[in-house]
Amino acid sequence: MNSPMEVLLAEDEANLRGTLAWAFRRESWSVRDFEDGLAAWEYLQKAPPSAEGRVLVLDIVMPRMDGLELCRLVREAGLELPLLFLSSRDEEMDRVLGLESGADDYLCKPFSVRELLARIRILHARASGRAPGRPAQVPRPESAEALRAGSLVLDTEGFRAWWKGRELGLTVSELRILACLASAPGAVRTRERLQKAAYPEDNYVNERSVDCHIKRIRRKLSALDPGFEGLETVYGAGYRLCPEALPAGSRP
Amino acid sequence: MKGRHPRRPAARPRFLGSIGFLILVFNILLVFLPVAAFYFLDSFEKQLLRDLERTMSEQALLAATALRGDAGSLAERAAFFVESLGRGHEARIRVFSAQGSVLADSARIGTIPAAIPAERAAAAPGAEPRAKSAPQREEPGRDSLLYRLGSLPVRAYRRIFRAPSGGGDGSDLFDRSGSFAEAPEIAAALAGRYGSTTRILPGAEGSTVRLYSALPIRSGGTRNPEGIAGLVLVSQSTLRILGELDSMRIDIFRIFLLSAFVAVILSLVSDLLLGRPLRALAARAAGILDRKGRLRGSFPRLRAPGEVGVLSRALADMGSKLERRTAFLESFSQDLAHEIRNPLASVRASLELLEEGEAEEGRRRLFGRARSDLERINHLVGDIRELASLDSEEPGPPSGPCRPLELARGLAEGFASRHPGLGLELRLGPGAEGGPEAAADPRRFVQALDNLLENAASFAPPGSAVELSLELAGEGLRRRWVVGLRDRGPGFPPGEEERLFERFYSTRKADGLHTGLGLAIVRSLAEAWGGSVRAELARPGARFVLELPCSPAH
């Protein structure tokens, strides 16, 4: 088990807030819930830096201060806590997960609570792994949890990824999708399979969300490597990682 | 890429659209009308011919009168007379004896034949002196391309409708094999009357028309003053008249060509001013929806004055209204999905937790939440349907008379049982008691009032009272019911008066029951009745004012 965790929940829907808080407490996490972004921000400003790992789960549409504004304030204040957005608007995903927004993950309502809990755990673990004193490092080639495909290195336990030695800031969904593709470079993965990989606990997800994730993975890879074209769309089938486009890594 | 796009029925760019074509045709017709009228203005020609004949008959009369008397023989007098007239007359004057011999001929001055047989006097029409046929000068006009072009319709017309009626048998008087006295004008003159006839003489350049007028010469003297000594025959070619008419026709044809040219130019200009912008608008209208039927782009607002400009601006207005409507529908469906997903997420979360097993108390709470979320979804769907039907359906006939006071009293009674912690004060203003019916459906009125009441109740602090007031305002046609609802709740942020009536907008904390559509429904209803609804801050609390017109029957 990881270090103790505090989950901050900003959600204006009273029923959902109550149920989620209930679920979090059942995991023995300490929970603080807020009915809008402003209340959460006021708490964050006053709260002493916690020894526990903090994760902020926030809705987008909220009165007084919405989730995006809260996210901006948190990042501007230099707070390192992971942010997970809950949204009832598919079309918000791109905006929320833009490279500059600073969001770590995103779930679309109605989501599976199990999936949410799993992701909070992952985000928490990842943040702990990144904590001071444990510098970000490309896993050694021989480490068991590393998945390699050319210059692409994925740490499937710590949920981090590197391209040519530089870290890619991926969301959990993105990392799961990339891991699914990288486990067999050159093989075509259907959308359905990628979706299952991204949301193992959720069987009700818009198929188009896979396309959105792929689009953002490409964008993030191109940001590090402008010529990158190794993530191919195979029309009518799905996607694949093109082995030729993954320059030789340290492993054959 | 075969068959990628279904070929669009081509709106081929045409030189002239149908408006331009119509304008051209109308302009040309307008030019044609006077021309055609003049071309067929034969009455004018007839008039000229009648004038000519009158002149000739007067000449004949003068000659006949001058030759009357018994000084010397008729032949001498005639020769002298004709000689004295000299040359230079268009008309040919001949004097005949009663027996038919030519005594004098203005065409043959200087040769006074004693008695030339009539048959040989003018053996051929060519004997007619050319010098006297002044119209010969005009002849070249007849050959010109312009003339032939211009006279084409006239010639065709004459060929079809008038060719058979020659009016004569194609010979001069003396070409006839018959006797001198058989010519109708001669016969008339010999009988002592005026006689005239028209003959068409075939000639080298086409037939020429000749008029003949004959008058008897009385013998005068004492013996037999009314005896007929001879006759005067005046003949003249109509060539000059016809020639003048022809040259006039050529002039008119020239004017016609010029006018037609101007008409074409004017039509092109009209097409430029009218047809082109209309075609541009039509092309824009055809392309303004993309293949999925979505509105793309807008209509140009043409500066053009007049109808074209008005049309373009009307289309632009329509386009922007459609655009707003489309944008509204798009955002509405997104809002709706958002509104439904929130309670749905909550239901799902509750069910998942229940699935994993909970203690009794937890179970009850989770079930309660799920139920209230489902209730909310149910409300939402109902309200959406309501709103959609208000927007799209024509209002039917009212289900009965709408007496606001009665209906408000009925609602007030139910209010106490639904909201035990709240009071309701009914205040009646001027005219409310026994006031007229309102121009609204009573069922819908109750719905609007109920939405306002529920809205007020949801904000009213426990133990406070909601005030419901009714009064009449305005006079005559502007007479209306004013229904006010005031709560003592927190009010709303200043400046949000209008947003309160937007769909899904709410200042209320999400409580699982209210959909954010109640006030939007009230506004839709009020507008459908021709009334209005507005919100104002009452400090403390808020006041909503619903106005609806009185039924016109009162």
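Tutor: Welcome! The expected span of a helix is 1.5 Å times one less than its number of residues, and helices are DSSP runs (H or I, at least four residues), numbered from the N terminus. This is a predicted model, where local features need pLDDT of at least 70, side-chain atom pairs count only at pLDDT 80 or more, and totals for chains, interfaces and linings use all residues. Residues are numbered from 1 along each chain as its sequence is written, with chains lettered from A and ligands numbered from 1 in the order in which they are written.

Student: What should helix α11 of chain B span?

Tutor: Its 33 residues (360–392) should span 48 Å, and because the end C-alpha atoms are 48 Å apart, the two agree.

Student: Which residues of α11(B) are buried?

Tutor: Buried means 20 or more other C-beta atoms, placed from the backbone, within 10 Å of a residue's own. Here they are Leu366(B), Arg369(B), Ala370(B), Asp373(B), Arg376(B), Leu380(B) and Asp383(B). Their cover includes α1 (14–26) of chain A, along with α10 (306–355) and α14 (518–529) of chain B.

Student: At what angle do α1(A) and α11(B) pack?

Tutor: Two packed helices are described by the angle and the distance between their axes. α1(A) and α11(B) pack at about 155°, with axes 10 Å apart; axes are lines fitted to C-alpha atoms over the stretch in contact, and angles run from 0 to 180 degrees between N-to-C directions. So α1(A) is roughly antiparallel to α11(B) (over 145 degrees).

Student: Which residues of α1(A) meet α11(B)?

Tutor: Taking contact as C-beta atoms, placed from the backbone, within 7 Å, Asn15(A), Gly18(A) and Thr19(A) meet Leu366(B), Arg369(B), Ser372(B) and Asp373(B).

Technical notes. Helices (H or I, at least four residues) and strands (E, at least two) are DSSP runs, numbered from the N terminus. A residue is buried if 20 or more other C-beta atoms lie within 10 Å of its own, exposed if 12 or fewer, and partly exposed in between; C-beta atoms are placed from the backbone. Two residues are in contact if their C-beta atoms, placed from the backbone, lie within 7 Å. Angles under 35 degrees count as roughly parallel, over 145 as roughly antiparallel, 65 to 115 as roughly perpendicular and the rest as oblique.
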